Amino acid sequence: YEGPRALRLATMAQYGKTAYWDERYTKDPEPFDWYQRYSGIRDLIAQYIKKEDNVLVAGCGNSRLSEDLYEDGYNSCANIDISRVVIDQMTEKYKEKPALTWQQMNVCSLEFPDESFDAVIAKATMDAVLCGEGSTANIAKMCAEVSRVLNGSGVFFIVSYGVPDNRLNYLENDDYAWTVTVHTVPKPTVSATAVPDTKDANSVHYVYVCQKGSGQQTTE
């Protein structure tokens, strides 16, 4: 008998596999937002990313995030995902919105020129990469590639369930020299009337904002 934890780990391991995502999006093409809807992170995005910025949404899935960004005035959103199935679905769905582009691509091996973007948004993407085989090496590749395609004052905006004690090990790296700021946002399941306990890892998601510049970390 495999206990709940073993089953959960087996499920999580699937998140690192392209075939899992292709099958999932084939079976269930309905829009789904991991962790947070746009409304939950809108103010933080606005704090770091300007409406006229060139934005890359890495690991877009079939989230409404890019549509919501577009409707809110962000007029340049490139979207990539490892799943060809979901990219084909999104290309068709948003064919009337040419400001939204869709390409099948691996975040660990980006096919964009250096300094192409002002901002890269990765919602749940880092966590999915960490579920796969060779996760430590792949996270290093992802960070190096994101750093490469960001311009000199670019921002890497990560939404994750992972706690700072773990995630900062990957992000605070001299190779990138990022200034990392940690924010918390209440999970949508937490009642809006309740004051979230930001020290309780079960009640919040973490937003890691990595800015090109001097590598230091602050928490807000």
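How many disulfides does the count come to by the distance rule? The count comes to zero. A disulfide here is a pair of cysteine sulfur atoms within 2.5 Å.

## The model and its confidence

This is a predicted model, in which local features need pLDDT of at least 70 and side-chain atom pairs count only at pLDDT 80 or more, while totals for chains, interfaces and linings use all residues. Residues are numbered from 1 along each chain as its sequence is written, and side-chain values use heavy atoms, leaving out hydrogens and water.

The pLDDT is the predictor's confidence in each residue, from 0 to 100. The protein chain averages 84. A score of at least 70 is reached by 80% of the residues. Over residues 190–194, the pLDDT is below 50. Beyond near neighbours in sequence, this stretch has one contact in the model. Contact means heavy atoms within 4.5 Å. Where pLDDT is low, the predicted coordinates should not be read in detail.

## Cysteines

Take Cys 210. The closest cysteine sulfur to its own belongs to Cys 143. The two sulfurs are 7.0 Å apart, too far for a bond. Cys 210 is buried, at 0% relative accessibility. Cys 131 is buried too, with a relative accessible area of 16%.

Buried means under 20% relative accessible area, exposed means over 50%, and partly exposed lies in between (1.4 Å probe, protein chains only).

Helices and strands are DSSP runs, numbered from the N terminus: helices are H or I with at least four residues, strands E with at least two. Helix α8 covers residues 164–171. Its buried residues are Arg 167, Leu 168, Tyr 170 and Leu 171. Seen down the axis of α8, these buried residues fall within an arc of 155°, so they line one face of the helix. The arc is that of the directions from the helix axis to the C-beta atoms.

What does the face turned away from the buried side carry? That face of α8 carries the exposed residues Asp 165 and Asn 169.

## Salt bridges

A salt bridge is a side-chain nitrogen of Lys or Arg within 4 Å of a carboxyl oxygen of Asp or Glu. The whole structure holds nine salt bridges. One of them joins Asp 114 and Arg 148, at 2.8 Å from N to O. Asp 114 lies in the loop between β3 (100–104) and β4 (117–123), and Arg 148 lies in helix α7 (residues 135–149), so the pair ties together parts that are 34 residues apart in sequence. Asp 114 is exposed, at 53% relative accessibility. Arg 148 is partly exposed, at 25%.

Arg 148 also forms a salt bridge with Glu 145, at 2.9 Å from N to O. Both residues lie in helix α7, three residues apart, about one turn of the helix. Glu 145 counts as buried, at 14% relative accessibility.

Elsewhere, Arg 42, Asp 43 and Asp 72 are linked in a network of salt bridges. Between Arg 42 and Asp 43, the closest N and O atoms are 4.0 Å apart. Arg 42 is partly exposed, with a relative accessible area of 37%. Asp 43 is exposed, with 59%.

Which side chain does the side chain of His 183 contact? The partner is the side chain of Tyr 48, in a polar contact at 2.7 Å. A polar contact is a pair of N or O atoms within 3.5 Å; within protein, one must be able to donate a hydrogen and the other to accept it, and residues adjacent in sequence count only if both atoms are side-chain atoms. His 183 sits in strand β6 (residues 178–186). His 183 is buried, at 5% relative accessibility.
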